[in-house]
Structures are given as C-alpha cells and as structure tokens.
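User: Can you walk me through this model? Start with helix packing, then the ligand.

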Amino acid sequence: MSAARPPEGLSTAAARPSSIQGDSSSFAQAGDAPVVEISKLWTVFRSPERETVIHQDLDLSISRGEVLSLVGGSGTGKTVLLRQILGLERAARGQVTVLGRPAARLGERGAASRVGMLFQHGALFSAFTVLENVAFPLRELKTLPGALIRDAAMVKLQMVGLGPEHARKMPSDLSGGMIKRVALARALIMDPPLLLLDEPTAGLDPESSDGFCTLLRSLHRELGLTVVMVTHDLDTLFELSTRIAVLADRKVIASGRPKDVIAFPHPFIRDFFLGERGQRAMELLREYPFAV
Ligand SMILES: Nc1ncnc2c1ncn2[C@@H]1O[C@H](COP(=O)(O)OP(=O)(O)OP(=O)(O)O)[C@@H](O)[C@H]1O
C-alpha cells in the first residue's frame with residue numbers, strides 16, 4: 001500500500017461513508033449495522049506446487065443502501081470476494097458477516113431471501129423457460145403453492161421490464177440484455193435486501209448496457225437495496241456507484257467517492273482511471289451526480 005496520505009474524503013480499507021437513503025422491509029437488522037462486514041480476511045489457494053495468497057488482512061464494511069463497486073486488476077480476487085459474501089467460498093482466516101450472520105451460513109435453505117446474485121453471464125438453466133428460471137429459488141423451498149410461485153415470478157419479470165409474452169421463452173431465444181434481466185428477476189425473487197452483481201453489463205451493447213444500468217438504478221432506489229458490484233466498465237461504475245473500493249496488494253487500498261478514489265496515488269488507480277480511459281472518467285465525473 002502506498003504510504004501517501006489519502007486525499008480528503010477518501011478512506012483506506014474499512015472506513016464507511018454515510019449511506020444513501022433507502023428502505024428495506026425484509027432487512028431484519030438493527031438500523032446502522034453494516035450489511036456486509038469483512039474483517040481481517042485471508043484467502044489462500046493451495047496446490048501441490050504452491051500456495052497463493054489472494055487476500056491478506058482485508059477489511060471492508062458496507063452500509064445499508066450503498067452501491068459499492070469493487071475494482072482491481074485481473075486476479076486481485078474481486079469475484080472470489082463476491083463468492084465469499086454469498087457464502088460459496090470459505091475464508092482461510094478472518095470473518096465475513098452478512099446481515100449479522102457468518103456468510104458461510106448463507107448456504108442454508110432460504111439464502112435467496114437474504115442475498116441475490118447476478119452472475120456474469122446470467123447462469124440461466126438452459127432447459128428451463130424464463131418463468132421456470134425466475135421461479136426456481138421459490139420452488140426449491142418446496143413450501144409454496146405453484147400458482148403463488150407463478151404469480152410471484154410474473155411480478156418479478158414485470159419489475160425488470162419483461163412482459164408476460166416472454167414467460168414461456170427459452171434462454172436460447174433471448175438477447176443478452178434479456179438474459180441479464182431474467183437473471184436479475186431470479187436474483188430478486190425472494191426480495192433480498194442485498195444484491196451482488198458480477199460484471200452486470202459485460203457483453204452488452206452500449207444501448208442495452210445503458211438500459212440495464214437505468215433499471216438497476218431505479219430498483220436500487222425503489223427497493224432500498226444494498227448492492228455490491230464488480231465491474232470493469234467505467235460507464236457502469238460511474239452511473240451506479242455510491243462508493244468505489246479498490247483491491248490491490250491483496251487488500252482494499254482505498255475506498256470512497258469516485259472523485260476521491262481517482263485522486264489516490266497508486267499505480268493501479270492511475271492506470272485504471274487516468275490512462276487512456278482518463279478522459280472518459282473525467283467526462284463521467286461531470287455527468288453523474290453520485291460520482292462527485
Ligand atoms: N477455487 C479456486 N482455486 C484456486 N484458485 C482460484 C480459485 N478461485 C479463484 N482462484 C484464483 O484466485 C485469483 C482471483 O480470482 P478472481 O476470479 O476473484 O479474480 P478477479 O479479481 O475477479 O479477476 P478478473 O478481473 O480477471 O475477473 C485468480 O488468480 C484465480 O485463478
């Protein structure tokens with residue numbers, strides 16, 4: 001980590017800026033408790049030849065209502081961190097707490113009511129219709145009548161801007177943007193207060209990408225979601241983020257508002273925001289009110 005002092009408004013590691021307003025009725029935690037609390041996290045992958053440390057004493061705290069974007073170079077462990085928050089991956093050491101519980105326990109039944117995950121390529125079941133894909137987490141509970149599940153899935157489809165005419169389609173009949181919307185409807189089927197997005201606009205053309213960002217932004221506001229996102233796309237980053245956390249040197253080296261993070265003296269940040277992409281980053285800073 002750079003020894004330089006962070007500019008004003010920028011925090012290193014775990015500091016937590018004030019969250020934006022939002023209401024989440026299914027969020028059963030005390031008001032100000034972090035939605036995600038990562039403390040002294042070590043992630044280590046071992047093979048017969050070597051041991052690779054991905055995260056070392058990583059701290060990160062995410063408050064209710066934030067849209068926190070994780071950025072970092074390839075292999076810095078952004079996706080692994082999402083998987084740890086989702087409870088799919090265990091930490092070697094340290095704690096990952098989600099909604100007041102150890103993330104490892106999210107794997108239990110009903111986890112989709114606490115955290116929704118949008119995987120990079122949608123991860124739809126190719127043999128299921130759109131409606132069956134969206135309904136899947138509710139069907140897995142095996143407690144609700146079929147008609148209720150169907151109605152809930154239809155409501156969620158409508159919420160992501162897809163009419164009933166799409167319900168019987170197969171994933172192979174959908175455009176990239178529609179696949180993302182169906183996957184988002186599935187992630188939200190049980191009204192989780194926390195939504196994880198892995199490269200939500202990757203592979204989309206600029207128009208679909210804009211449309212998907214607009215949708216995410218309005219859902220964030222209307223549902224009072226807390227969002228953790230991994231993205232390499234500057235437009236998506238600036239349009240949606242209330243805070244950016246930068247992963248480098250195996251930890252969060254800086255976190256804060258986009259305009260403050262950009263000013264942090266670290267080679268990755270300079271290359272990511274101020275290299276060839278710098279001009280676009282500056283335009284975006286002027287364009288998006290969240291970013292300044
Ligand atoms: N289950 C695993 N076993 C061994 N190594 C793994 C495992 N999962 C991830 N890794 C390694 O951990 C590192 C971080 O992976 P991760 O996918 O989180 O990177 P990332 O920051 O998301 O990168 P990118 O931006 O390229 O997608 C990589 O070197 C990857 O090969």
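**Helix packing**

Analyst: Helix α2 (residues 130–141) packs against helix α4 (residues 176–187) at an angle of about 30 degrees, with axes 7 Å apart. That makes α2 roughly parallel to α4, where roughly parallel covers angles under 35 degrees. This is a predicted model: local features need pLDDT of at least 70, side-chain atom pairs count only at pLDDT 80 or more, and totals for chains, interfaces and linings use all residues. Residues are numbered from 1 along each chain as its sequence is written.

User: Which residues in α2 meet α4?

Analyst: Val130, Asn133, Val134, Phe136 and Pro137 in α2 meet Val182, Ala185 and Arg186 in α4. Contact requires C-beta atoms, placed from the backbone, within 7 Å. By class, the contact has 6 nonpolar, 1 polar and 1 charged residues.

User: OK, ligand. What surrounds the ligand?

Analyst: Phe45, Ile54, Gly72, Ser74, Gly75, Thr76, Gly77, Lys78, Thr79 and Val80 surround the ligand. Helix α1 (residues 78–85) gives the largest share of that shell, 3 residues.

User: How does the shell divide into nonpolar, polar and charged?

Analyst: The shell has 3 nonpolar, 6 polar and 1 charged. Gly counts as polar here.

User: And the whole protein: how many helices and strands?

Analyst: The protein has 9 helices and 11 strands.

User: What share is buried?

Analyst: Of 292 residues, 41% count as buried, meaning 20 or more other C-beta atoms, placed from the backbone, lie within 10 Å of the residue's own.

Technical notes. Axes fitted to C-alpha atoms, helices over the stretch in contact; angles between N-to-C directions. Helix = DSSP H or I, 4+ residues; strand = E, 2+ residues; numbered from the N terminus. Parallel < 35°, antiparallel > 145°, perpendicular 65-115°, else oblique. Contact = placed C-beta atoms within 7 Å. Near = placed C-beta within 6 Å. Buried ≥ 20, exposed ≤ 12 C-beta atoms within 10 Å, placed from the backbone.
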